[in-house]
Structures are given as structure tokens and as C-alpha cells.
Amino acid sequence: MAQQWTSVIENEIQARNAEISSINHQIHSNPELAYEEFKAHEAFVTILTSLGFKVTPHAFGLETSFSAEFGSGGRLVVFNAEYDALPGIGHACGHNLIASASFASFLGVAAALKASGLPGRVRLLGTPAEEGGGGKLKLIAAGAYKGASAALMVHPGPGHNLPSHIRGVSFVRMLANVKFRVHFTGKESHAAIAPWDGVNALDAVCLSYNAISMLRQQIRPYDRIHGIFRSAGDRPNVTPGNCCVEYYIRSQTRAQAEALWQRVLKCFEGAALATGCQMHTEPLNSYADVRPSASLCKAYVEAMPEGTVSYDEPKDILAGSTDMGDVCYECPGFHGVFGIGTEEGSPNHTKGFTRAAATEDAFVRAVECGKGMALVGWRVLTDDVFADEMQKEWEADMKLAAQGK
């Protein structure tokens, strides 16, 4: 990459540090839940408009999504900006930092496109409701990633789990997650006067819970099954007639998670049969596995300060699932992880992580990652050989995904 454009990108991000910091502070100080991110949406639209960008508020049919784009012709690179928080603990997944990094990347690439006059387009996409709301699934359905050559974002993780000389990991796989609610319907009765008249839906819940616990002995080490009781009766002297559970079924790939769900489903069906209850399932927004582009990940390692980013170790730096997985099935994707200053016992989704995500050091690291992503995005737009290899690699990986591999 020509040093000239690297300098343009880095200088622009440095020059806009105040605007990026403002977004970071506003999002962290005003935590908003999925699809309720009105303040974050307004803050982004206001700042981007003031900087002269064409901004579409409420983009792609989502009230709290936005889209800002610069450039024309050529390939399209999308940077995802997340900004939803968690109930009760605020930005315990550091989405303020994700938004800041992607904002920085967008500004850097836009500046290079403007200065060079080269063909290519860069989009900053506001992606609400990652925390269980499946915002990117709705954006995909609305065409937000149609025609994209690549989609990039970077996620904060627990820095205390990284070796001292490593500040991030580039190639990070995450599990697919199939989500369902299961409703059992029985028959209420007075639990003391006429228990024999009742059909106990709570019995079906408990029987299925125990069956799933036994099933865990026969699943693979990377599989995960976890659930809660959404409703389990109201009073001890009333046989519960309606109960509901909610389960997450995770595995390495979307196909494997679907296959595991079929095994779990039999536990629910067996419990309904044994107790005489009726049963029906309610699908929720399931997430595909994150399948990062090896080309993008290698380019990111090269773009970051030498020796600070590992390619794929440690592999367990960030577990769980995300709707970015579904984006990886739409186009080549990047979902790297960078460590922030957490203490032992304060990984993502803890109050300790919320505090760490508010620090100046965490913001500086996010912006540094934003610079690295911008350089990778610029390479996608301007390096035809690299872009072609990346696309072919992704197409081959999608064939493997279709086989459940």
C-alpha cells in the first residue's frame, strides 16, 4: 500500500479524534437497549452530517439504524457500528468502543477516497440490537450488505486473558446459536382438592430439563445448551396449565447447531408425551457462526503495529455468538478482538467490563484498531489481486459451510 494513502488515513483519524471521542462518550454514558438506541442514532446522524457526509437516518427500515456512505463506483466496504447495551449493566460488551473503531475506519477510508479520486465506496452502517435482538438479520433481509465486498468490525475483549505483549487477536471464530421458546400446555386444577384433574405443564418443563441435562453427556466439547424457565406456574395450589422455557443451542457451525437442536427437540417432545401436555415451539432470532475471512485477518495483522496482534491465539479470547456471523455468510467478514484493561473475573457482560470500556486507554486501543481496519478496507478497495483472492476464498468457505464444515 502506498505510504501516501496510509498517511492520509492515519492523519484523518487523528484529526477527528475529538468527534470519535464524543461518540464514544455519548454512547457509553447513555446505555440503550436493543432497538431503543435513539440517542446513539441521533448522535451519529448529527456528527456525520456536520462533517459533510450524506447520512440516511432510520436506514433499511430500522428506526435506530443509520447509513453514511462516501465514494462512487468500484467495490464497497462496510464498517459495522454497534451501540446497544445490556439490561442493568450498561455497556458491558463495550459496544461504544465498537462504534468508535468503525467510525474511525470510515473517516480514514473516506479521506483517502476523497484525496485520491479513486473508485470505491465506504459505508458506515449503524447496526442496532446485537444483544439478542438480531439487528443485522433485519439489515441483511433489507439489503444492507447487498453488493458489499467486505464487512468489518472489531470487538473488545478481556485484556487480562492476553499475553502482555499481545493486544488483540485477528482470526476469531464464534459459535452458531439456534434459539427457541418452547410452550407446554396442560390443564389447571386445584392441587389439593382434585390434583387428578390436572395436567401439569411444569412436570413437562422439569422432565425436559433433566432429559437435556443427560443429553449433555453425549454432545461435543464445543457444543453448548443452556436455558431458563420463562414461566412455571403462579401458585403452589394451582396445577400449572401453561409453562414456557427458552433455550440457546450453540455449535461450531450453523448446520451443526441445527442438527443439535433436533436432538434437543426430542427431549421436549418426549416430556410432552410423558406428561400428556401439548407442546409448540417458537423460533427466535438465531445467529450463524462467525467465519472470518483469512485474507482480511492476515491483512489486519500486517496493518497493526508489529507484534501486537496475534493471528488466532488464544482461540478462546471471545466465546459466545453474534449476528455478525450471519454477515459472514453474505460477504467476506472480519470480527477481530482487542483487549482492554480488565481484571481477573471481569470478562464481557460484567460490571467490571463496563467500567473498563469507559477508560481512555480502552478508547485509544479502539481507535488504534480503527486505523488498522481502515488500512485493510483501503486494500480491499484498491488492490484488485487481494480482493479477488479474498472473494474466491470466501466462496470456497461457503461451500464448506453448506456441508456443515
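**Sheet, cysteines and aromatic rings**

Colleague: Which residue in strand 9 does G227 stand opposite?
Modeller: This is a predicted model, in which local features need pLDDT of at least 70, side-chain atom pairs count only at pLDDT 80 or more, and totals for chains, interfaces and linings use all residues. Residues are numbered from 1 along each chain as its sequence is written, and side-chain values use heavy atoms, without hydrogens or water. Strands (E, at least two residues) and helices (H or I, at least four) are DSSP runs numbered from the N terminus. In strand 9, the residue opposite G227 is Y247.

Colleague: How many bridges join strand 8 to strand 9?
Modeller: Two strands pair if DSSP finds at least two bridges between them. Strand 9 covers residues 242–251 and runs antiparallel to strand 8. The bridges between strand 8 and strand 9 number seven.

Colleague: How many residues of strand 9 are buried?
Modeller: Buried means under 20% relative accessible area, exposed over 50%, and partly exposed in between, with a 1.4 Å probe and protein chains only. C244, which has H183 opposite it, is buried at 6% relative accessibility. Strand 9 is mostly covered, and of its ten residues the buried ones number eight.

Colleague: How many disulfides does the count come to?
Modeller: A disulfide is a pair of cysteine sulfur atoms within 2.5 Å. The sulfur of C244 is 8.8 Å from the closest cysteine sulfur, in C243, so it is too far for a bond. The sulfur of C369 has its closest cysteine sulfur in C297, 13 Å away, which is also too far. The count of disulfides is zero.

Colleague: Why is the ring pair of F44 and F103 classed as it is, and what is the class?
Modeller: Rings of Phe, Tyr and Trp (its six-membered ring) pair if their centres lie within 6.5 Å; planes under 30 degrees apart count as stacked, over 60 as edge-to-face, and the rest as tilted. F44 and Y83 form a tilted pair, 6.1 Å centre to centre with 45 degrees between the planes. F44 and F103 have their centres 5.5 Å apart and their planes at 80 degrees, so the class is edge-to-face.

Colleague: How far apart in sequence are the parts tied together by F44 and F103?
Modeller: F44 is buried at 0% relative accessibility, and F103 is buried with a relative accessible area of 0%. F44 lies in helix 3 and F103 in helix 4, so the parts tied together are apart in sequence by 59 residues.
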